Amino acid sequence: MTDSVDFLPPDSAGSARRVFLKQLAAASSSLPLGKALAGGSATAMLLQSADATAAPSGKPVINTVYGYQSFGPDEAAFVEAMLNIMCPADHLTPGGVDCGLAIYIDRQLAGSFGQGARRYAAGPFLQGAAQCGPQLPLTPEQYFKAGVAEADRAAQRLYGQLFDVLTPQQGDAFLQQLAAGRVAGEQLDLAEWFNSLVYPLFAEACFADPLYGGNVGMVFWKMIGYPGLPATHALDVVQYLGKPYPGAANPKSIADFS
Amino acid sequence: MKTRASKTVVIVGGGLTAGLIARQLTAKGVEVLVLERGGDHSKGPESSLPNQRDELRWAVRQGLIQDWSRETYTLRHQHNQTALPVRWMESFLPGQGLGGAGNHWNGHLWRWAEYDPQLRSHYLHRYGKQAIPADMPLQDWGVTYAQLEPYHDLFEKLFGVSGQAGNIGGKKLPGGNPFEAPRSGPYPQAPLQVLESGLVFKQACEQLGYHAFPQAAANSSGAYTNPDGQKLGQCQYCGHCERFICEANAKGSPQVLLYPMLRERKSFEVRLNTQVLGLRYDAAGKRATAVHCLDLLTGEEYEQPAEVIVLAAFTMSNTQLLLHSKIGKPYDPVSNTGVVGKNFCYQVNAGVDLFFKDKWFNPFLASGSTQMVIDEFNNDNFDHSGLGFLGGATIQAYQFSGRPIKGRRVPDGTPRWGTAWKQANADWYAHSMTLGIEGSCYPHRGNYLSLDPTYRDAYGRPLIRMTFDFRDNEQKMAAFLSNKMMEIARHCGADKVGSLQGLVTPFDSRLYQTTHIVGGTIMGETPHDSVVSPHLQHWDAHNLFVVGASVYPHNSGYNPTGPLGALALRLGDDLQRYLQRPGRL
Ligand SMILES: Cc1cc2nc3c(=O)[nH]c(=O)nc-3n(C[C@H](O)[C@H](O)[C@H](O)COP(=O)(O)OP(=O)(O)OC[C@H]3O[C@@H](n4cnc5c(N)ncnc54)[C@H](O)[C@@H]3O)c2cc1C
Ligand code: SF4
């Protein structure tokens, strides 16, 4: 099984009902608040994380970018809870939110991807063979949000609670059911939504260049041993044939060369 | 609408084949104008460090690929279904911009089997009159491999191909492909390095009596200067090759080897950001008179007249331009009449992942063409008596990149997220490899291209409608080849062999397979069964020529570009003859 992803392409509902500064709370070990708030652009974040990588503290680098461009409070709560389940803090990486995964997804949805750039959007919108790809009159951002709202209502139906207040075990079980097509949506096919839109965004958030806000500190690249950009390997390919490649321990990203 | 000053030769599309034709013509001082819908990629982030190495931007979000919001295709599997638009295409990735898909390709360079251009005759001769099913309209091309060989040779020298010859003038050479069509000489450069995955595969093949050889590649194994004085750097095995532009100028591509040189030639002109919308056709005079253009920067529409018009805009655009301009009779699968859109074929794929605790594959140390291949079960290289299908596939251990978003492998049963998912990625990323098959796809009466009755592109033209599925022949072939591949997989000594990832049916636009779509404007010996003649001349317009994989009446078990390059170079020479004495070639 190639662990690759192929993605596809949302209304918003729900009422304001949550108070959450969870993200800030989770980031207690990071930078002073003032600096963190100033780090609104991805580049500034990267500079910070590059600094932090070099810091002798030995602590993992974590996300220092706060404030969402696309998510409202309910959406943020759902997405953050989901990402911390899909990427729990463990011996391999910090938790998903600290890895920048929520910032990644938020920025993608707010940006050209989320707005449907370069995607055919003319009607009519008819349902047919799945192999033609999704046929919804929605941008990826709209689709994402419509799915979050439906999934949250499904959690409420099944567990009597919104998704973000489920225990991690319940939340994980809910996502497994959802991905397997066992949670009925209202208007949407929630399995299709999760598998074609949410899951690819998750994988991208983990493994794309940190330039985009996820994979903070190249934590996922380090985890698998991907060396990143410096790829002039004409000699390496001979020298490290069948042997571990030393550069894999110390990856470099776009920010390191900018 | 304004009419601009007439040109001698106008080529629609500024990709690989267009560059080769223009090379031949402008060398003789013939005036050539290339019209390309995209821009110039040579100075942007796509071809400079550090942004060239951005998997998300170029590979996942398809930064170099056709803009689907403007032009896409509709799809249905059977002709009695309603087709729906593919709103975001993954299965194949046409290029956009000077150099076309020839910039962001992998670089595998094949000559097809010696019998491929005579495939129908070949099968009938070997297996008798009943060999070819009635719904499989295989046909000969009307040109032979021997006629194309000098052009293959030239193309390989121009693109600095790195490979190990297996057959020079009929003499078999060790280490090369024993099934190779006879070559007039060796490859211009030594093959690329063989990677650990290739060594594992080679050893398993030896146990089974198969002959593995390194893929011939347009990724330059050394520093190289071609016969035109154009230079390639040495391939850096950078792992950002297919879907990317080579920042090291090491990939044989039109952007490096053709267009910079052509732009220095006086008789050459290229107009970028120029969308060709259709052709003007004089049915009585059997001539294409002009090209209908839209300047995408200014919005101006105009007509561009020419003495000769060449369509070199890739399979789908070539077919669309003919259908939309009503040149030639559209194919109808029910009455089995007409030719334009006929014999649309794709490619058969399957794969399996292998996991080795103690082996280091370093997937990121790779070029777009680092693979070891066997050809034993390709096309008609083996006896098909009693098998119930025709065609076959290469089997290969390929390693093109370790790009982390899309290029990770985990064993069967790995959860899709959580600590166990992360652990599996950490454990197996550098310790896994893949085997694959890449196979032929023969024409089927029900697989074809036509104009969609409902959906339109950004310019108001009907979208091309694909009616396509992998039919019985291809499914049987894929099953047979998958067994052969799994047998090799079991001989590789892996700790874990993944389950077979078989041919996906019905055809699925959401999965990348290959960009090897062929047919639609096929070549052949008579106007009844083809759109263009063996000289790629349109039967209904003698000054109109079509080049590209759209002229292949079938797809072989190889990548398409070798014979395309040869056909394009030959067309360049044919056009010089045509211009001296316009008429049927
Ligand atoms: C990811 C990838 C990997 C590949 N790997 C291999 C490989 O390893 N080996 C191999 O043999 N082949 C490979 N190919 C296929 C190879 O790239 C093509 O066979 C080759 O580029 C075809 O040349 P062409 O001139 O027909 O089309 P292209 O090179 O694609 O050029 C066509 C040009 O026409 C332009 N155009 C289209 N429509 C219009 C219009 N209406 N008006 C103006 N301009 C237009 C396009 O923008 C494009 O620039 C690969 C392709 C892809 C996408
Ligand atoms: S693998 Fe080689 S040919 Fe391909 S892009 Fe990298 S350096 Fe260029």
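Mentor: The part to look at is the second largest pocket, which has a volume of about 330 Å³. On a 1 Å grid over the protein atoms alone, a pocket is an open set of points with protein on both sides within 12 Å along at least five of seven lines, a cavity is a set of points where a 1.4 Å probe fits but cannot get out, and lining residues have an atom within 4 Å of a point. Grid points are joined across faces, edges and corners, and a volume is the space filled by probe spheres set on the points. This pocket is lined by 16 residues, and those closest to its centre are A:Q108, A:G111, A:S112, A:F113 and B:R61.

Before going on, note that this is a predicted model: local features need pLDDT of at least 70, side-chain atom pairs count only at pLDDT 80 or more, and totals for chains, interfaces and linings use all residues. Residues are numbered from 1 along each chain as its sequence is written, chains are lettered from A and ligands numbered from 1 in the order in which they are written, and side-chain values use heavy atoms, with hydrogens and water left out.

Two helices, α5 (101–110) of chain A and α2 (55–60) of chain B, each supply at least two lining residues of the second largest pocket. Helices (H or I, at least four residues) and strands (E, at least two) are DSSP runs, numbered from the N terminus. The most comes from α5(A), with three residues. By type, the lining of this pocket has six nonpolar, five polar and five charged residues. Here Ala, Val, Leu, Ile, Met, Phe, Trp, Tyr, Cys and Pro count as nonpolar, Asp, Glu, Lys and Arg as charged, and the others, Gly among them, as polar.

Another residue to look at is A:F202, which sits in helix α8 (residues 190–207) of chain A. A:F202 counts as buried because its relative accessibility is 0%; buried means under 20% relative accessible area, exposed over 50%, and partly exposed in between (1.4 Å probe, protein chains only). Leaving out residues up to four places away in sequence, A:F202 touches A:L83, A:M86, A:C87, A:L101, A:I105, B:R416, B:W417 and B:W421, where contact means heavy atoms within 4.5 Å. A:G214 is twelve residues from A:F202 along the chain, and their C-alpha atoms are 9.3 Å apart.

For chain B as a whole, 68% of its 585 residues count as buried.
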